[in-house]
Amino acid sequence: MEQAVTASEQTIIQTNKLCKTFSTGGVQQHVLKNLDLSINRGDFTVIMGASGAGKSTLLYALSGMDKPTLGKVAFDGRDITALSNDRLAVFRRKNCGFIFQQIYLMDNMSLMDNVLASGLLVSRDRKALAQRARELFGQVGLSEQDWRKFPAQLSGGEAQRGAVVRALINKPAVLFADEPTGALNSTSGTAVLDLLTQISRDGQSVVLVTHDIRSACRGNRVLYLQDGSLQGELDLGWYEEEGIRAKAGDDIENDTVVRRTERLRGFLADRGW
Ligand SMILES: Nc1ncnc2c1ncn2[C@@H]1O[C@H](COP(=O)(O)OP(=O)(O)OP(=O)(O)O)[C@@H](O)[C@H]1O
Ligand SMILES: [Mg+2]
C-alpha cells in the first residue's frame, strides 16, 4: 500500500530519517544518516560537500533512482520509497530529469534520437518533441551538425550538453543534476547554467550537486552535506540575471557573481571545505 505523506504546498520533496548504508566486503558504511531534508518547489537547490560525502547517493535517493536503506522520501506528498520498481520507473519518467556525473547516451543512436527516445516515453507528439529538442540544443550551443552525430563522434562537453537536453525534454518537475558542467569550458558551462537558471525561474525545481563555486552561486539555497547529514544551509536569494547579461563573457568579474561567490566561500570555509 502506498502511504500518503503530508507535505506543505511549497515542498516538493521531503525526506524523513533517510539512511543509506553500503556493505562492502563485510564492512558497513553509513553514508546517509537520519537525514531530514526538504526541497522547495521552484527552488534552485545546490548540494555541496567533500568528495565521498554522499551527494550522488543523496540525489539517487531523492529521485527514486535508488532505494534508501531506511527512511522515507515523499515526492509531492507521495511516499516513493513504497513504490514497486515498475511504478517508480513510470513516476521518474513523468517527474524527474537527470544529468548524471557519468554520461549515459545510447551508442547506436544519434544525439537527437537519444533525446527523442526519452521524450517518446512520455509523449507521442514526435514533431513537438523534435521542435522542443531543437530549441534546447540551441540554448546549450549545439548545432544541427552536432545533434546528428552519434555519441562516439561527440566531444565530452558536447555529450554532456546533449545529456542536459535529454534531461529537460519532458519538462520534469524536478531536474537532478550531478556536476553538469564538469566537462565544459566557460562559455558552454555558462550556457548550461543559464538554462538551469531559466527553468527554475519558470517554476521547475533544480537540485544541483557541484564542487564548482561558479555553478553553485546560481542556486538560491545551498546545503552542505558532511558525515551523512546536513551541516548547515545558506540562503543566497535569487540570482539576478540582468547583472550577468550586461557583462556576458566575463561573468566572473560581475558584481552579482562576486558578491554571491564571496558569501558562498565564507559559508564553505566555516565548514572546513
Ligand atoms: N554502490 C556502492 N557500493 C558501495 N559503496 C558505495 C556505493 N556507492 C557509493 N558508495 C560509497 O559511498 C560514499 C559516498 O559516495 P557518493 O558517490 O555519494 O559521494 P559523492 O559525495 O557524490 O562524491 P563525489 O564528489 O566524489 O562525486 C563513498 O565513500 C562511496 O565509495
Ligand atoms: Mg558524486
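Two strands count as paired here if DSSP finds at least two bridges between them. Keep that in mind for the sheet. One caution before we start: this is a predicted model.

So, the sheet. It is open and has 6 strands, in the order S7-S8-S9-S4-S10-S11. The pairing is mixed. At the edges sit S7, residues 96-99, and S11. Each of those two pairs on one side only. From one strand to the next, the twist averages 20 degrees. Now look at helix H10, residues 255-269. H10 packs on this sheet and touches S4, S10 and S11. The direction of H10 makes about 155 degrees with that of S11.

S10 covers residues 221-226, and S11 covers residues 229-235. Their pairing is antiparallel, over 5 bridges. Gln226 has Ser229 in S11 as its bridge partner. The hairpin has 2 residues between the strands. Asp227 is in that loop. Its phi is near 50 degrees, a positive value in a residue other than glycine. Is Asp227 buried or partly exposed? Asp227 has 13 other C-beta atoms within 10 Å, so it counts as partly exposed.

Compare another residue with positive phi. Glu179 also has a phi near 50 degrees, and Glu179 is not a glycine either. Find Glu179 in the loop between strand S8, residues 174-178, and helix H7, residues 186-201. Here the count is 20 other C-beta atoms within 10 Å, so Glu179 is buried. The cut-off for buried is 20 or more.

Next, the core. The largest nonpolar core has 67 residues. Which of them touch the most other members? They are Val164, Val165, Phe176, Val207 and Val222. Helix H6, residues 156-168, gives the most to this core, with 6 residues. Take Val164 in detail. Leaving out residues up to four places away in sequence, Val164 touches Ile99, Val140, Pro180, Val192 and Leu195. In soluble globular proteins, nonpolar side chains tend to be buried together.

On to Leu154. Leu154 lies in the loop between helix H5, residues 144-147, and H6. Why does Leu154 count as buried? Because Leu154 has 20 C-beta neighbours inside 10 Å. Again leaving out residues up to four places away in sequence, Leu154 touches Leu111, Asp146, Lys149, Ala159 and Gly162. One more distance to check on screen. Leu154 and Ser110 are 44 residues apart in sequence. In space they are 10.0 Å apart, C-alpha to C-alpha.

Last, ligand 1. How many residues surround ligand 1? The shell has 13 residues. The closest are Phe22, Ser51, Lys55, Ser56 and Thr57. By type, the shell divides into 3 nonpolar, 9 polar and 1 charged. Where do the shell residues come from? Strand S1 (11-24), strand S2 (27-35) and helix H1 (55-62) each supply at least two. H1 gives the most, with 3 residues.

Then go to Glu179, between S8 and H7. Then Val164 in the core. Finish at ligand 1, with Phe22 and Lys55 among the closest residues.

Technical notes: Residues are numbered from 1 along each chain as its sequence is written. Chains are lettered from A and ligands numbered from 1 in the order in which they are written. This is a predicted model: local features need pLDDT of at least 70, side-chain atom pairs count only at pLDDT 80 or more; totals for chains, interfaces and linings use all residues. Helices (H or I, at least four residues) and strands (E, at least two) are DSSP runs, numbered from the N terminus. A nonpolar core is a set of buried Ala, Val, Leu, Ile, Met, Phe, Trp, Tyr and Cys residues joined through C-beta atoms within 7 Å. A residue is buried if 20 or more other C-beta atoms lie within 10 Å of its own, exposed if 12 or fewer, and partly exposed in between; C-beta atoms are placed from the backbone. Two residues are in contact if their C-beta atoms, placed from the backbone, lie within 7 Å. A residue is near a molecule or strand if its C-beta atom, placed from the backbone, lies within 6 Å of it. Ala, Val, Leu, Ile, Met, Phe, Trp, Tyr, Cys and Pro count as nonpolar, Asp, Glu, Lys and Arg as charged, and the others, Gly among them, as polar. Axes are lines fitted to C-alpha atoms, for helices over the stretch in contact, and angles run from 0 to 180 degrees between N-to-C directions.
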